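Thanks for coming, everyone. I have one model to walk through today, and I will keep it brisk. Here it is.

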Amino acid sequence: MLERLGVESVLIRNLNDWQQPFDGLILPGGESTAMMRVMKDEALLEPVREAIKDGLPVFGTCAGMILLDDKHLGCMDISVKRNAYGRQLGSFQKTHNIKGIGDVPMVFIRAPYIERYGNGVEVLSVLDGHVVAAKQGKMLACSFHPELTEDTSIHRYWLSFINVKH
Amino acid sequence: MEDRTQLNRNLAQMLKGGVIMDVTTPEQAKIAEAAGACAVMALERIPADIRAAGGVSRMSDPKMIKGIQEAVTIPVMAKCRIGHFAEAQILEAIEIDYIDESEVLSPADDVYHIDKRKFKVPFVCGAKDLGEALRRINEGATMIRTKGEPGTGDIIQAVRHMRMMQSEIRKLVSMSEDELYEAAKQLRVPYDLVQFVHENGKLPVVNFAAGGVATPADAALMMQLGAEGVFVGSGIFKSGDPAKRAQAIVKAVTNYNNPKILAELSEDLGEAMVGINEQEIELLMAERGK
């Protein structure tokens, strides 16, 4: 996805990878319990938390959104309900509006949603009464997986948080 | 492509880079989840015990599967027999996240696999080579794994299957377009799937390693050979210290290219499962269902 937008990307699997220079961080989809485990084991939890609190632009999708909430990294003032739409049979796809971006395809896979948010959080999209995309400072989070579609608009929106020319 | 197939392929995308562990009780499922498993496979007996016990092996008791579904928040998979679509319907009814149409259980049909396109729930199937993988995908499988030789702790078959698939994929990639029709005929699969592999250099679905993975080094080997994740069956809960070994295998899959980390992970894991060599087995499960 980033490649298509002409943006260079690196994979961060351990503390060593974390030492290289980068301008923004994407916390992708996956299983949040497994991702937390790896971040703890690789001693990445604190450095990631500190960097985000110091203003590193971050984008969390699905499991990545869970990691940003008040029960995990504690970076965004949101509470996220896991597996909020049930098991795989509850997974679905829909085209829906995001404030400031427009209609985008949304792929929900055993997805979470935001059940509580604080004053500093700007809600960007509500689907059937549930918050599925939100922003707080340079932190962007969504329930669905833009990385699984051809649509690049959300990634482009997030890249605008980063103060370098692309 | 249908939305449902896409959604089911996408769930497998989310499991990529992860480890799926066989568990037989809610307690084991919790150990697996805490160790960082991306999903668990719920079954009554792990393959090593199925092999030891002999006899007909069937789908697990739904009650036992439900107990595991309640114990963890990660996806729960379960196995049904090859061709046994009624078992698959039952697993779909209890909202399983993924069905493994598996050669580890006794096959119910020696000709037909399940028509997986009829289901909303996703399927993973085993394959020894590219033709088998593409036939299963054509039937509706949304994830593929090597067949390995389950319950042996011997990695040789998983290696053979993964190498075979990767080499056949490379062959298709290097072919000229007019050679693809003949390739489709040889592989006994539809032309469009052959064309996809030719253009993309990979299967249209996620491809995991399975069968015989017992150590962090085994997991790293399979990842370096091109697996996108690993199933571990008997290897964990047949070993001396399951929690520690489970964590070590998860970390090995994350850091499969880093021998230094792999060395640390391989230290002090306690007893590995005993294992059986390929030549010592009487029943080759990988030969079930082609």
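How many salt bridges does the structure hold over all chains? The count is 25. Bear in mind that this is a predicted model. I will come back to those pairs. Let me take the sheet in chain B to begin with.

It is an open sheet of eight strands. The order is E7-E6-E5-E4-E3-E2-E1-E8 in chain B, with parallel pairing. Strands E7 (206-208) and E8 (230-232) of chain B sit at the edges. Each has a single partner strand, so one side of each is left without a neighbour in the sheet. On average, neighbouring strands are turned by 30° against each other, direction ignored.

Strand E6 of chain B, residues 143-146, is joined to E7(B) by three bridges, and the two run parallel. Met143(B) has Val206(B) in E7(B) as its bridge partner. Then there is helix H6 of chain B, residues 130-138, which packs on the sheet. Helix H6 touches strands E5 (123-127) and E6 of chain B. The helix direction makes about 160° with that of E5(B).

Now, charges within chain B. Asp100(B) and Lys79(B) meet in a salt bridge, 2.9 Å from N to O. This pair links distant parts of the chain: Asp100(B) is in strand E4 (98-102) and Lys79(B) in strand E3 (76-81), 21 residues apart. Are these two buried or exposed? Both Asp100(B) and Lys79(B) are buried.

Next, Glu139(B) with Lys116(B). Their closest N and O atoms are 2.8 Å apart, in a salt bridge. Glu139(B) comes from the loop between H6 and E6 of chain B, and Lys116(B) from the loop between E4 and E5 of chain B. Lys116(B) is buried, at a relative accessible area of 2%.

Over to chain A. Glu122(A) and Lys99(A) form a salt bridge, 3.2 Å from N to O. Glu122(A) is in strand E7 (122-127) of chain A, and Lys99(A) is in the loop between E4 and strand E5 (102-108) of chain A. Here both ends are partly exposed: Glu122(A) has a relative accessible area of 31%, and Lys99(A) has 46%. Chain A also has a salt-bridge network, linking Asp69(A), Asp70(A), Lys71(A), Asp77(A) and Arg116(A).

Aromatics next. Over all chains there are 11 aromatic pairs. Tyr85(A) pairs edge-to-face with Phe92(A), at 5.2 Å centre to centre and 65° between the planes. Tyr85(A) also pairs edge-to-face with Tyr113(A), at 5.5 Å and 80°. Tyr85(A) lies in the loop between strands E3 (78-81) and E4 (92-98) of chain A, and Tyr113(A) in strand E6 (113-117) of chain A, so this pair ties together parts that are 28 residues apart in sequence. Tyr113(A) counts as buried, at 11% relative accessibility. One aromatic cluster takes in Tyr85(A), Phe92(A), Phe108(A), Tyr113(A) and Phe144(A).

Last, the interface. Here 33 residues of chain B are in contact with 26 residues of chain A. The area buried between the two chains is about 2400 Å², and carbon and sulfur atoms give 54% of it. Which three residues supply more of chain B's buried area against chain A than any other three? They are Leu7(B), Met14(B) and Thr254(B), with 24%. The rule finds two salt bridges across this interface. Asp97(B) and Arg110(A) also meet in a salt bridge, 3.0 Å from N to O.

That's the tour.

How values were computed:
Residues are numbered from 1 along each chain as its sequence is written. Chains are lettered from A and ligands numbered from 1 in the order in which they are written. This is a predicted model: local features need pLDDT of at least 70, side-chain atom pairs count only at pLDDT 80 or more; totals for chains, interfaces and linings use all residues. Side-chain values use heavy atoms; hydrogens and water are left out. Two strands pair if DSSP finds at least two bridges between them. Helices (H or I, at least four residues) and strands (E, at least two) are DSSP runs, numbered from the N terminus. Axes are lines fitted to C-alpha atoms, for helices over the stretch in contact, and angles run from 0 to 180 degrees between N-to-C directions. Contact means heavy atoms within 4.5 Å. Rings of Phe, Tyr and Trp (its six-membered ring) pair if their centres lie within 6.5 Å; planes under 30 degrees apart count as stacked, over 60 as edge-to-face and the rest as tilted. Buried means under 20% relative accessible area, exposed over 50%, partly exposed in between (1.4 Å probe, protein chains only). Buried area is the accessible area (1.4 Å probe) that two parts lose on being put together, summed over both. A salt bridge is a side-chain nitrogen of Lys or Arg within 4 Å of a carboxyl oxygen of Asp or Glu.
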